[in-house]
Structure formats: C-alpha cells, structure tokens
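Welcome! Here are a few exercises to work through with the model on screen.

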Amino acid sequence: MPVSSLYVHVPFCPSVCPYCDFHKMLRHEGLAARYVARLAQELAALAEEHGGPLETLYLGGGTPSHLRDDELERVFAALAGFGGPARLETTLEADPLTFDAERLTRFASLGVTRLSIGLQSTQDHVLAFLGRLHDGAQGLAAVEAALSSGLRVNVDVMTSIAGQDLELDLSRVVAVGARHVSVYSLTVEPHTPFALRGVTVDEDLDAAAFDLTATVLARAGLRRYEVSNHAVPGEESRHNLVYWRGGHYLGAGPSASSHLPGGDGFGVRLKNPPLKGWLRGDPPEADVLTADDVVLERLMTGLRTVEGVDLAGLEASTGYAVEYGAARWLDDCLAHGLLTLEGRRLTATPAGLARLDAVLRAFVATRAPAATAAA
Ligand code: SF4
C-alpha cells in the first residue's frame, strides 16, 4: 500500500506558551528562510521516494499559520511531487491572531480544507494564565471567520485550569457553530515554565472536566470519537484517524515522525532530528518495530477511539492473540467494566477511557510477549 498521509512540522510560534513542550521556537527571518528551503528539499525527496497522491496532509507545529504567505506558497509548491495538497483533507494549524478573511481565502486557494484553531479558552483570565496573545473575543471572532469562509474547522480547548468555567467555554464554542472540538487537559510537563513555577493540576477537576466535556458537546450533537476529540458525525479528522488506526504516514520537518511499512515486517518508525540537525541534513533515527511494539501501539491508539481495536486484524498482522497473551488483563478489564469485547472488537467503555493510562500500564505489566502468545 502506498503511504498517502503526510505530516509537516512547522516549529515557529508567535509566542512561547509556558506549558508547551513541543518542538517550537520564536521565528527569526533567516531561520525561517532556511527552514522553508530545507523543507522544500525534504518534500521533494519524499515525493520521489514514495510518490502520491496524498489522501491527508496535516501542517502542525508550532504554528504553521505563523509562516508568511510567500513561505506557505513555497511549502505548498514543494508538494507538487505528490500531485499537490491532499485529496481528502488538508489541515493547517492556526493561531487566532494570524489570519483574517483575506488570509483564509489565500489558505483555501493553496489547497487547505480544514483549519485547526488554537483557541484554548474564551475567558480572558484563563488565556492570560496560559500566556496566549489573543483575548476571548478575538479568539471567537477568529473561529467565526474561519467557519464563514467555508473551511472545515477544529477548535482546541484546554481544560482543568483553576478558575476556568469550562461549560461556558464549550458552550460559546458550539454556539458559534464549531463542529469539531479537541479538548485537552492542561498537563504540566517537566522543565516547562509552568513546572518551574510549581503549577499543578487538580485531579478531581480534571476528572470532572472529562465528563462535563462529553455532556456539553453531546448536547450540541458532537460525539466523543476519540478520547480528546469530538465531532458532528462526518466531521472527524481523517488524518488523525490514520494515526489512531495504526496506519502509515510520512513526516517532514524538524522532529517529525514517520510510520512506514518494512523493517522485519512490522514497520519502521523514523524520527527527524530537531531543527539544528535537521537543517544540517542529519538522518532520522530509525526504530524497527517488533510484533510486541505493534500490539501495544494498536491498543494505545485504538482504545482511544470509539471504534476500538479489531483483535482479529491485529492477530493477522502480528500473530498475537490478545485473548491468549493477555488473558488475565482482558478478564479483569471486562469484569471491571473498563473494556467491552463484541466478537473480537475490543473497545474502551467511558470508564475505561477516563482511566486509559492505567488500563494500558496494566497490559504492559501482565502481558506475555508475542513469541509465546499465538493462539
Ligand atoms: S502556540 Fe502551540 S506550539 Fe506554540 S508554544 Fe503555544 S502551545 Fe506550543
């Protein structure tokens, strides 16, 4: 099967948020020019090796909309080797202050079909705490402008922040017409400014936010189709579904990952170096996957989704039968109402979704390795 999904990492942001541990930085003109030139080279090489057409393309970061028009034009021109932007879906991550109606038209003319907007909150005190540059009114106006432009739109909302009225945030987002909302808890990653300041997240607040999110968004017709993602049916992110279904994809840009067929038959993961090494042309790190890696990754990503994991398909591709290799784990999870098994389709219940990390830790601690787990 040709690889037909591509992720492009753009590491530049208008400001650096104090909770963020992604590979990102403020832009400098010289650096941005070198980035675009190197990216064009990398995209041409990937297109030559893998061909096209692309089905899904995702420009993430960082803040891709922080690239200037001429830079974005150059990036999209470099996709010519794939036959242009993706046929099904081309997503651009965008900061609310980086576009207006005219720019939205330009995005669409480049081939962008979907905008993912980093709104995070509609409340000024929450946005100030998160170090965002926009205020609530500017953020909502940006979402409205994007929706009126005819692009498909995702809105990112952050939860579990002390002093936030989450119901108000989510209600405002659906009131302006959002049909896809990604909702992430604030997490305090090591070495970030928030970690150094001793910011903490209240676990009870976090658990309440998970339930409240599903309730408020379901009222507006958006169902949780992945642990953090909610959409009106048909509006799901096709690109992200490739990740969650264990599909193959290419990655371009600093720190971008690829998941490709090959290796010992179970696939290979490649990870590009961060900006400095990537600009030098240093090669990606390669990780040849084993059957055990694939089984764990499929459970980690598949159980995040409402469609779950097809254990028959997993056994066909890895030789690993979860019912044998992890029988005790499976029985425990079924007995505690964390997972359900219909035929051989394994899905997480709402209770299981809320405790997914613990469910997966228990799998890792108790499973038999692949070589001993064939049915
Ligand atoms: S805009 Fe996004 S990628 Fe950039 S610093 Fe903030 S959270 Fe990180």
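**Exercise 1.** Find the strands that helix α8 lies across.

*Solution.* Start at helix α8, residues 203-219. Follow its contacts (heavy atoms within 4.5 Å): the helix lies across β7 (152-159), β8 (180-185), β9 and β10 (229-231). Helices (H or I, at least four residues) and strands (E, at least two) are DSSP runs, numbered from the N terminus. Next, compare directions: α8 runs at about 170 degrees to β8. Such angles run from 0 to 180 degrees between N-to-C directions, with axes fitted to C-alpha atoms, for helices over the stretch in contact.

A word on the source: this is a predicted model, where local features need pLDDT of at least 70 and side-chain atom pairs count only at pLDDT 80 or more, while totals for chains, interfaces and linings use all residues. Residues are numbered from 1 along each chain as its sequence is written, and side-chain values use heavy atoms, leaving out hydrogens and water.

**Exercise 2.** Work out the strand order of the open sheet.

*Solution.* Two strands pair if DSSP finds at least two bridges between them. Tracing the pairs gives 9 strands in the order β9-β10-β8-β7-β6-β5-β4-β1-β11, with mixed pairing. At the edges, β9 (223-226) and β11 (250-252) each pair on one side only. Now look at one pair: β1 (residues 5-10) joins β11 in the parallel sense over 3 bridges, and Val 8 stands opposite Ala 252 in β11.

**Exercise 3.** How do α14 and α16 cross?

*Solution.* The axes of α14 (residues 327-335) and α16 (residues 356-366) come within 9 Å and cross at roughly 155 degrees. Therefore α14 is roughly antiparallel to α16 (angles over 145 degrees count as such).

Technical notes. Parallel < 35°, antiparallel > 145°, perpendicular 65-115°, else oblique.
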